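Here is a short report on one model. Sequence and structure come first, and the notes follow.

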Amino acid sequence: MSPESNFLGIPESIGPYVSGTRTAENRLDMDTSADRLLPAVAAFNKLGWGYLSAITGFDSGTAAPSDGHIEVLYHFCKGPSVATFRVKLPREDPSVPSIGALVPSAVMYERELAETMGVKVAGVSGEKRQFLSDDWPENVYPLRKDFTMESAAATREVGPAVGSGDEPGTFVIPIGPQHPALKEPGHFELAVDGEIVTHANIRLGYVHRGIEKGAEGRSWVHNIYLMERICGICSHIHATAYVLGVEALAGVVIPPRARAVRTIFCEMERIHSHLLWLGVSAHQAGFDTLFMYSWRDRETIMDLLEELSGNRVNYSVNLLGGVKYDIDAKAADSVRRGLDFLERRTKHYLKIVTSDESFLRRTRGVGAITFDQANLLGTVGPTARASGVSRDLRVEAPYLSYGDFPVRAVLDSRCDLEARFVVRINELFESYRLVREILDRMPESELAVPAPRKVPEGEVISRVEAPRGELFYYIRSSGGVKPDRVKVRTPSLCNWAAVLSVAVGHKLADIPMIVVGIDPCFSCNDRSISLRRRGAASPQAMTWEDLRDYGIRYYAGGGT
Amino acid sequence: MAQTLKSIPRALRGALDKAVLWSRINSPWLVHFNSGSCNGCDIEILATLAPRYDLERFGVKLQGSPRHADVLICTGPVTRLARERLLRTYEQMPVPKFVIAVGSCSITGGAFHGCYNIVGDIGDVIPVDIYVPGCPPRPEAIIDGVVQLLTKLKGTAAKKTPARKAAAGGTPPGGSP
C-alpha cells in the first residue's frame, strides 16, 4: 500500500465541508472554516482514520499580506500519514468550536491554543490557567507575533480559588508541586472518598519556560541546542526531530553514516531512559533495591554516551546536515561490551518484575488502560503498546536508519502496570539488538554535509518515536534565518488524559505507581492541565513522599 | 530553644555548639526543588545519590519535606509559576539553611534566558551559597559543590581549596542568612 493510498476515501467523505485539499508526500491538507469544522471532523471521525496528534496555532503577524490571520491546524495521524484540517481566522477575535465532544483528547490541545494563541474555543473555559501563571495578564498571548515582554510584565488579580473538590463530604488531597519522588514539579489534586480516588486533577506549568516562543527569536542553528534542552532525559530525540524537520524543509539529505550515528544515539538514549524509568517506578512501589540496582547499571550506558559524545546528558550530536561525532571501532567495541553486560542485567530485571510476588501485587491488574481507552484518549509510546495499541513510528513510518534496520513493535495486551514494565523492558532488548546490528553494518561516508543558513519558505511535520512515545514537531519557515513557528507536542502530554481517567476508582496508595507508569516527563509537557483549584498548602497536604510511604504501609498491612 | 540554651551552663554550651555543628556537617539533609529545569540536572542529582557516586556516604540524605531539610538543592531557571513555590519552600526550611544552585540555568537562565515565562535565576529569588555550573553538571561536580558547602560550614573553605572554589562559583555577596 503506497502512503498516498492511506488517504483513500477521505476527500470523498469530507468533500462537502472543505473548500480545498492539497496532497503532498504523506500529507493531506484540507481547508475548512470555523462553522464547518465540526461536521468535517464528525464525518472524518466516522471513517475511524488515525488519531488526533496535535493542534497547532499559527499567527502570521500583521506585516503579512491581507493584514494577517491566525491559522489553526488539526493534525490527525495514521502511520506515516498526516491529515490536516486548516482553519483560517481573522486576527481580531478569532474563535473556533471545540471538537472535544468528538475527539476527547482534543481538549488539552484546545486549552493550550486558547491560552497561548488567544483563539477562543467555544466550550472550553479560558478562565482557569493551564500553564501560564495565574497572574499572567488578561488578553496577552505569548505566541502572537505582536507579543512583547513589556506586555507580560503586568499582572492580573487572582481571585479566590474555587473548585469541585469543595463540595461537602469530599476530601481533596493536594500533592506537590514540591514532591521529591519525580524530581519534577507537578501539582496533583486527588478527591477521595475514604480510600478510593473519586476525581483526579493535575496542574502543570511549573516548568513552562516559553520555548516555542523562544525558538522564534533564535537562529535555525541556535535552536538545535534550545530544543535539546526541552528535556534532559530525551534530549537527543528532541534535537533529532527538529533537525529532521529543518533538513526536510531545506532539502538537505544527510550522509548514511550520519543517519546511523543518530539512530545509535536515539536507541542508547532509549536504553538510558527506560532504565531510569525502571528505577524510579520501582522506587514508587517501595522497591528501592531494584531502584538502586537499575541506576547502578544505568551508569554503564551513561559512560558509553559520555565516551561517544563527551557528555553524559546533552550530547549535542546533531548538526544541520549531519552529526558531530563518529563512532570508531574502539568505541564500538566498548559499546558492545557495555550492551552485553546490560543485556544480562535486563534479563534479570525482566524475571524480577514478572515473578516477584510482592512487586506483582503492586502492578498486576492495577491501573489498567483498556485497548479502547488507549485508542480513544490518544495515548502513545510504551503506554499505548502495553494496552495492545500498535503505535510505534520506528515501525510505521521508519525515519533515519530504521528502514534499513527494522524494529519489531513490542506489544502487550494485558493493559495493566505489569504490562507497562514488560513492554519497556522488552524494548530494551530490541534496542540492544538494534545498536549491535547498526554497529556491525555501519555505512562508510562523511559525517555531515553543508546546510544553508536560511531555510526556504514552507512548513513541515516531523514525527519521531521518543522513549515515551510519538514526538510531534511542526516547523514553519518564512525563508529567513529564524523559524516562523516551532510547535512541539510531546508524548507525555498525550498520556495524561489516560492516566487521570484510570486513576479514578483506584486506591490512593496505587496512584503514585499509576502516574509514574506512563513515564511522565514534566519539563517537556508543561502546557496542559485540568485545573480545579489553586494549590494552597493545607493542613492535610501530603507530600509525594508521604503518599509513597503511605502506599508502602498500606500494602505492608495486607491492604487493610 | 533560646531559653533552654540560656539555662545551660556556659562551659557546656560550647561543647553543645560543637556537637550541633558536628552533626550538621555529618548529616546534611537535602530537599530538592525544580523551578523550571529541563530534568537534566535533576536526574544527575538523583544519579549522584545512586550507588555509583553515592553522595550518601557524606551523610547526605534526600528527603521529602522542606521542614526537615538543611540544604535546598535547586535546579533550573525560575519560571513565573514556580517563583512563589520556590520562595515558599525556602521559607519553610528551618534556620540555618543553605542553598545549592545546580546547573547553568540556575546561575544565568542558561539556554532559556529571555524566554517569556522565566523571571530570573535562582539567585534573583533566594540567596545562594554554592553554584555548580554545567549543563548539566557531572555528578562529581555536584558532589564537589556539596563538599564545598560542608567545608565552608567548617570554616576552612578558603584556606584549603581556593582554585576549586573559584571553579564552582563561590559565594555571592549577601550569602546565607
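## A buried helix

In α16 of chain A, the buried residues are A:P491, A:S492, A:L493, A:C494, A:N495, A:W496, A:A497, A:A498, A:V499, A:L500, A:V502 and A:A503. Buried means that 20 or more other C-beta atoms lie within 10 Å of the residue's own; exposed means 12 or fewer, partly exposed in between, with C-beta atoms placed from the backbone. Helices (H or I, at least four residues) and strands (E, at least two) are DSSP runs, numbered from the N terminus. Because 12 of the 13 residues of α16(A) are buried, the helix is largely enclosed by the rest of the structure.

The length of α16(A), residues 491–503, also agrees with expectation: at 1.5 Å a residue it should span 18 Å, and its end C-alpha atoms are 19 Å apart. The expected span is 1.5 Å times one less than the number of residues. A:G505 follows α16(A), with a positive phi near 95 degrees.

## Basis of the model

This is a predicted model: local features need pLDDT of at least 70, side-chain atom pairs count only at pLDDT 80 or more, and totals for chains, interfaces and linings use all residues. Residues are numbered from 1 along each chain as its sequence is written, while chains are lettered from A and ligands numbered from 1 in the order in which they are written.

## An open sheet

Chain A has an open sheet of 3 strands in the order β13-β14-β15, with antiparallel pairing. Its edge strands, each pairing on one side only, are β13 (458–466) and β15 (483–489) of chain A. The twist averages 15 degrees from one strand to the next. Two strands pair if DSSP finds at least two bridges between them.

β13(A) and β14(A), residues 469–477, pair in the antiparallel sense over 9 bridges. A:V464 stands opposite A:L471 of β14(A). Helix α7 of chain A, residues 235–250, packs on the sheet and touches β13 and β14 of chain A; its direction makes about 150 degrees with that of β13(A). Axes are lines fitted to C-alpha atoms, for helices over the stretch in contact, and angles run from 0 to 180 degrees between N-to-C directions.

## Chain contact and confidence

The contact takes 41 residues from chain A and 40 residues from chain B. Residues are in contact if their C-beta atoms, placed from the backbone, lie within 7 Å. α9(A) gives the most to the side of chain A that touches chain B, with 4 residues.

The predictor gives the complex an ipTM of 0.83 and a pTM of 0.86.

Notes:
Contact = placed C-beta atoms within 7 Å.
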